[in-house]
Amino acid sequence: MTNAILNKITESPLLQLYPQPLWQWFAQICAIPHPSKHEAALSAYIQEWAKQRGLAVIVDQVGNLIIRKPATAGMESRKTVVIQAHLDMVPQKNADKVHDFTKDPIEAWVDGEWVKARGTTLGSDNGIGMSSALAILGATDIPHGPLEVLLTVDEEAGMSGAFGLQAGILNADILINTDSEQEGEIYMGCAGGVDAKINLPVEWQEADPAQVAYSLSISGLKGGHSGVNIHLGRGNANKLLACFLAGHATELGLSISHLQGGSLRNAIPREASCNFTLPVDKLELLQQRVAQYQSILQAELAATEPALKLSLSDAVAPTKVLQNKAQQQLVNLINSCPNGVMRMSDEVAGVVESSLNLGVITTLEDSISLICMVRSLIDSGRANIESHLQSLSDLAGAEVKFEGRYPGWKPDNSSPVMAIVKATYESIYQREPEIMVIHAGLECGLFKKPYPHLDMVSIGPTIRFPHGPDEMVNIQTVGQYWDLLLAVLARIPERAT
């Protein structure tokens with residue numbers, strides 16, 4: 001790291017927070033860019049740090065990092081525990097924020113009870129969990145049995161690290177996943193998922209030079225995690241823009257030249273825009289319809305999207321626009337694409353069973369691409385949504401591919417480590433934790449294939465609005481999570497003889 005970055009770390013307000021070793025690591029992690037697919041610099045830093053302390057370091061064939069630490073004195077006979085987190089973070093920023101996630105550090109700051117970032121995602125998902133694991137590796141005063149730390153790559157953009165983890169590398173009996181996002185909740189299961197990539201072939205025609213070019217954009221939405229926040233009723237910029245086009249494109253004589261929205265399939269899209277041409281005599285009507293639509297949205301989404309904004313601006317005159325049939329197919333496809341909560345769970349009250357997020361729309365040379373994130377607690381629920389998208393694509397003349405399927409993590413009510421964590425929590429805080437299933441993709445389900453014997457649980461601090469620039473982590477709950485994790489490590493039982 002450069003001296004400038006080191007100076008920022010030593011000056012960070014995070015260093016005044018409890019527990020200091022964890023926050024020291026988080027400040028360092030924020031200083032080293034690590035978006036998905038760009039974790040190499042952070043991984044190299046951690047490897048060098050671990051080797052300097054005599055810890056065993058393994059980098060597997062896909063880039064996952066495994067670090068081993070011997071048991072503290074007197075605990076050599078305890079079961080081996082692996083503390084697991086992921087190296088990467090979601091790169092999302094506000095439109096007015098100048099930030100290169102591959103080069104610039106995250107600007108973390110303290111706002112009362114919360115740690116936030118200035119205009120970008122914070123990376124507390126899963127940087128806090130990673131920091132706790134590394135802080136334990138570096139400690140000399142924390143009792144624990146044989147310990148492994150597994151830091152996976154690419155969790156947020158496809159889970160390729162978890163997919164690529166091979167049998168025979170880990171020695172652990174127990175896995176503690178640190179990627180949960182609510183203090184007081186212990187997770188024993190999660191949703192599986194799949195990426196749906198829809199490609200609609202389109203044909204273009206020459207733009208009418210007599211028409212005027214404009215751009216309509218929607219912005220100011222909260223966005224957020226496409227699993228954890230999907231039930232909150234937040235606006236999806238792609239869907240809201242498509243609704244306007246479906247209602248008014250024909251009336252206004254719009255000819256679309258470019259359409260884009262969202263940036264990640266697992267983040268609810270906060271922004272979308274459409275460039276088009278239209279007859280000059282329709283301009284006043286366009287302005288009226290945009291104003292009317294903004295009023296409608298502000299009324300409908302007043303509670304969930306108070307900063308929602310529609311903007312109409314001049315655009316550079318295009319050389320080509322979509323042919324009428326292609327435009328109709330596109331608008332109908334996006335407008336009719338399912339989005340949001342598909343079904344609530346019958347088995348776990350208040351938990352989403354199946355959902356869909358229309359995350360990204362991209363205009364290509366000869367097609368328009370839609371990327372959706374499908375999640376479900378049950379394989380049949382995921383398959384049902386896949387069937388809907390296949391039928392919709394067939395009707396629209398589009399091709400759909402389903403990629404990166406990953407299994408859910410089936411709950412195990414008889415889990416010994418779950419019982420340990422629950423009893424430990426109750427002894428520390430004098431209240432019962434909630435035993436939960438999360439509607440998000442934890443890596444635990446994938447670990448079960450190479451390591452079917454692993455007894456797994458997931459815990460973490462309270463994180464709000466992950467996968468968006470409003471992401472924040474509650475300071476007090478980081479301390480509570482840390483105290484719980486250390487107490488659980490001290491209670492791990494001995495191996496069977």
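The second largest cavity of this predicted model has a volume of about 70 Å³, where a cavity is a set of points on a 1 Å grid over the protein atoms alone at which a 1.4 Å probe fits but cannot get out, and a volume is the space filled by probe spheres set on the points, which are joined across faces, edges and corners. Its lining, made of residues with an atom within 4 Å of a point, consists of Gln182, Glu183, Gly184, Glu185, Ile186, Tyr425, Ile459, Gly460, Gln480, Tyr481 and Leu484. These residues divide into five nonpolar, four polar and two charged, with Ala, Val, Leu, Ile, Met, Phe, Trp, Tyr, Cys and Pro counted as nonpolar, Asp, Glu, Lys and Arg as charged, and the others, Gly among them, as polar. The strand β8 (185-190) and the helix α12 (475-491) each supply at least two residues of this lining, and α12 provides the largest share, three residues; helices (H or I, at least four residues) and strands (E, at least two) are DSSP runs numbered from the N terminus.

The model is a predicted one, in which local features need pLDDT of at least 70 and side-chain atom pairs count only at pLDDT 80 or more, whereas totals for chains, interfaces and linings use all residues. Residues are numbered from 1 along each chain as its sequence is written, and side-chain values use heavy atoms, with hydrogens and water left out.

The helix α12 also lies across β4, β5 (114-117) and β23, running at about 60 degrees to β23; the angle, on a scale from 0 to 180 degrees, is taken between N-to-C directions of axes fitted to C-alpha atoms, for helices over the stretch in contact, that is, with heavy atoms within 4.5 Å. These strands belong to an open, antiparallel sheet of four strands in the order β4-β5-β23-β22, whose edge strands, β4 (108-111) and β22 (463-464), each pair on one side only. Pairing requires at least two bridges found by DSSP, and β22 pairs with β23 (residues 472-474) in the antiparallel sense over two bridges, with Arg464 standing opposite Met472 in β23.

In total, five cavities of 30 Å³ or more were counted. The largest cavity has a volume of about 150 Å³, and of the 19 residues that line it, the closest to its centre are Glu155, Glu156, His225, Arg375 and Gly441. The lining of the largest cavity divides into seven nonpolar, five polar and seven charged residues.

Notes
On a 1 Å grid over the protein atoms alone, a cavity is a set of points where a 1.4 Å probe fits but cannot get out, and a pocket is an open set with protein on both sides within 12 Å along at least five of seven lines; lining residues have an atom within 4 Å of a point.
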